[in-house]
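Hello,

Here is the structure I said I would pass on. My notes on what was found in it follow below.

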Amino acid sequence: EDQGGARPVNLSHHPPRLHHVYWRHAANVLEPRPSPLMPRAPSATLIFLILTSAAALHSRLDPCLGEFTRCPDSGVCTMSSHWCGAKSGCKRGQYLCPSDSRTCVDSAADYAKCPGIKGTHLDWTLGTEARLDFLVAHTSLSAQIGQLHNTAPELLELGVPEYQWLNDDQHGVARTPARATVFPNGVGLGATFSHATLRAVGAVVGREARGLHNGFLASDPRRRQMTCNGCGLTLYAPNLNLVRDPRWGRAQEVYGEDPTHMGELVVEFVRGAQNNTAGRTDADGYLQAGTCCKHVAVYNTEGHAGGPSRMSLNVDVNARDLWETYLPAFQACVVRARSSHAMCSYNSLNGVPTCGSRGLLTAVLRETWRWDGFVVSDYDAWANIALAHHYNATLRAGAAQGLNAGIDQEGGSALAISTLPAAIRDGLTTPAAVARAFRNLFRLRLRLGMLDPPTHVSYNALRYNATELASNRRHLAVAREAALELMTLLENKGGALPLDAKVGRLAVVGPQANVSGVLFGNYAGSANKGSCHEAPLREGDSAATTAPRALPAGNWGLSLEAALRERLGGGTVTAARGLDAIGAPESRDGFRAAAAAAASADATVVVLGLAFDQYCHGDDDGLGDHCEREGNDRRIIELPLGQQRMVTALRAATAGPLVCLLVHGGAIAIDNATRAACDAVLDAWYPGIEGGAAVAATLFGDVSPAGRTPVTFYRATADLPPLADTGMYPNASSGSRGATYRFFEGAPLYPFGHGLSYTTFAYSSLSLDAASHSACDAVGVTVTVTNTGSVASDEVVQVYLKQPDATVPAPRVRLGAFERIKRLAPGASIAVKLSVPPEARAVVHGGEATGQAVFAASAGVTLEKGRLEIFVGGGQPDFFKGRLAATTSIVDTKRASACAAQQDT
């Protein structure tokens, strides 16, 4: 059932450690539950027997476990293909000891019998730091430098295999031959406002990364797939830079614009992928996968829209913006979630490249936040310290700058690390700095269990091949749940949605309606392999005349058109492109075919929005304002002119419901005429592999939408500050009216946190856990939510804060907490308890500091006394009718660092 087929269950797909886990199909998330066949707290002996039995059975299915691979000629299991052939002297199915290339053992369970392990880096009974001490003492300087690259070579004499650290798995395992599950892109996941869903998505991404890594090792033992982006356990995810400006080309990748919202969801994704507990490095001895907090920090500009390139951009921010807006989500990622690594960004921060900033990489990450992970540079960003920013005169000086600042690994080429020997000879850096970076990298390899007995690491029993995930119903169910939860109903005039069940003729219009890959967003799986375009749809094609379109190999799911055809069953779907391309300003036939399709239909769905990457074809070499992609910011945010004209033509052609469906990442400004023409506006974001089916289910009322906007929709580009202005507060000198909902002084088109439903909810009985609180206290909030409509639905409860007594500048309003209620039945009520953590109301004393002084300004992050106004409802207090309000008094003032120390104690 796990794979959707009838074949016997393979133990490799069911790690022994998951005996206590089941999948709750109603919500499609992992929940712990004791098995009726197992004691609630199994003994260590029983756990050992389970693991040993599992390993023995696995050995009969595939003779190599963990990081061992089978030599194709001899069938020997080895850590290195160097020992394949007749060199090892082992028999088929035996394991060659990594500690002694002359000794073989009969099975993975016999690994502990290998001689020469005790007291070395392979001795799992030693502490982590002792094992690292051995590694450092038994590797040369040149060998250590060679490990500081994302493609790390093997250390043959130490039995350490090569490893590819680079895995761009932001919303699914990407860029591999495998048909991995493609989840919604970041902004869509942000629209769910669901802790449970982000945890489940992270868990599946981590599970597939581990299982595919094991599978790739088995399928390519000679090369170990070390050139494969996506074949490893160390994810370059999540991306947690905030959407300061909707023109940013990578706005589609991140969860939103609010630091509290971002931080909460990041913690869930990281803990799901790594399978660790809050505040701890691991939950059960090992991490399932490693995650990366990227990009540190203040990175939200690509260039090519009138501003400088990200490669050489310098960003100036004061301490208030840094600690109040840009860093809190990163703090949550490394302190609460204990993410294994972080990535420094391309830009400079206050005059120093982030990858060469000791204040950022050491003073903040390691000293203030006491984090022991490793730092990797964005592609070639280490070398760019000298080559793009010209911060140092020579490449070797730039390499030393990065290493001394706190970088541990070079992503991309090896330009920087190749100069480290010369930098050491010149006295620019030291072997001790290299050893520090080397230790940080191997600390994670140990936490992943990559150098431990293979039967000790239960994740080693998990294995997927390159095709079976395409039919893994459990993983696809999580993707479906996420896609359903992100559907955000922006407008619904006269109850135009859901569509009447009697609709028998449907028109589907838009140049991207029949392209399933466009639903994925960037950094996806199948969308990045081979050709990603289905056969073009001819004007006027209908269900009766359109032949099935062949898809290239990959895990594609249904396009919007195909999903609506499937949902409509015996009805008729008439499709029309309307425009030749998403950014085309005109229709070649004056929209005649599209208008005819709408005129003959009971209802019309027009697909609007933006394109990304390979789907940007047609205008300006993919750099047009309809295109959002890494390396390209949009110049304007208005809906492309051709799409405006298409909606006008459709409105003139039909009196039936006209549903405007948005597919995009960055927010779009919809003009008044287009809004007036649309009877309903449903935002699907980039919903992933199950997006087409989720859209169809939402349009026809199988589920009620409950997504919320994770970003502000502005009315026009004129509402935005200059793209290069990274300040958050209104600034008369630059013309900024403030960035994001927390500071914007204007009236948005759709505010952050907005979303409609097919039912109605009432809020009542708001109470706080106390009338007053100390500075370090969390504030408990309880509210009753009642479904007063006739449809079961989710609801997103949101808590917002205002601080009228703040003695320094503070956000005008900010999110304090949120919780998604699942499937509340008509007439039912539920008491919802939320906790507003103290850091959600922190202000920054000394926030005017600039330059390198901003990194020491963490000492000024303060929890002030005074009134704290609390607002609870289904949206922001200034826009949501029916919200409730209460006030508590914070009775004292303390530094946030003192509260953190108190919590640790």
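Glu129 is partly exposed, at a relative accessible area of 36%. Please keep in mind that this is a predicted model. The partner of Glu129 in a salt bridge is Arg439, with 2.7 Å between the closest N and O atoms. Glu129 belongs to helix α2 and Arg439 to helix α13, so the bridge ties together parts that are 310 residues apart in sequence. Arg439 itself is buried, with a relative accessible area of 18%.

Helix α5 (residues 195-219) packs against helix α14 (residues 473-486) at about 145 degrees, the axes being 10 Å apart. The crossing is left-handed. Five nonpolar, two polar and three charged residues make up this contact. On the α14 side, Glu485 is one of the residues involved.

Glu485 also forms a salt bridge with Arg820, at 4.0 Å between the closest N and O atoms. Because Glu485 is in helix α14 and Arg820 in strand β27, this pair ties together parts 335 residues apart in sequence. Both ends are buried: Glu485 has a relative accessible area of 2%, and Arg820 one of 6%.

Strand β27 is an edge strand, as is β24, in an open, mixed sheet of five strands ordered β24-β32-β31-β26-β27. Strands β26 and β27 pair antiparallel over eight bridges, with Ser793 opposite Leu824.

Asp878 and Arg812 form a further salt bridge (3.5 Å, N to O). Asp878 sits in the loop between β31 and β32, Arg812 in the loop between β26 and β27.

In total there are 39 salt bridges, and a network of them links Arg250, Glu253, Glu302, Arg310 and Glu630.

Regards

Definitions and conventions:
Residues numbered from 1 in each chain as written. Predicted model: local features only at pLDDT ≥ 70, side-chain atom pairs only at ≥ 80, totals over all residues. Heavy atoms only, no water. Pairing = 2+ DSSP bridges. Helix = DSSP H or I, 4+ residues; strand = E, 2+ residues; numbered from the N terminus. Axes fitted to C-alpha atoms, helices over the stretch in contact; angles between N-to-C directions. Left-handed = near helix turned anticlockwise from the far one by under 90°. Contact = heavy atoms within 4.5 Å. Nonpolar A, V, L, I, M, F, W, Y, C, P; charged D, E, K, R; others polar. Salt bridge = Lys/Arg side-chain N within 4 Å of Asp/Glu carboxyl O. Buried < 20%, exposed > 50% of the residue type's maximum accessible area, 1.4 Å probe, protein only.
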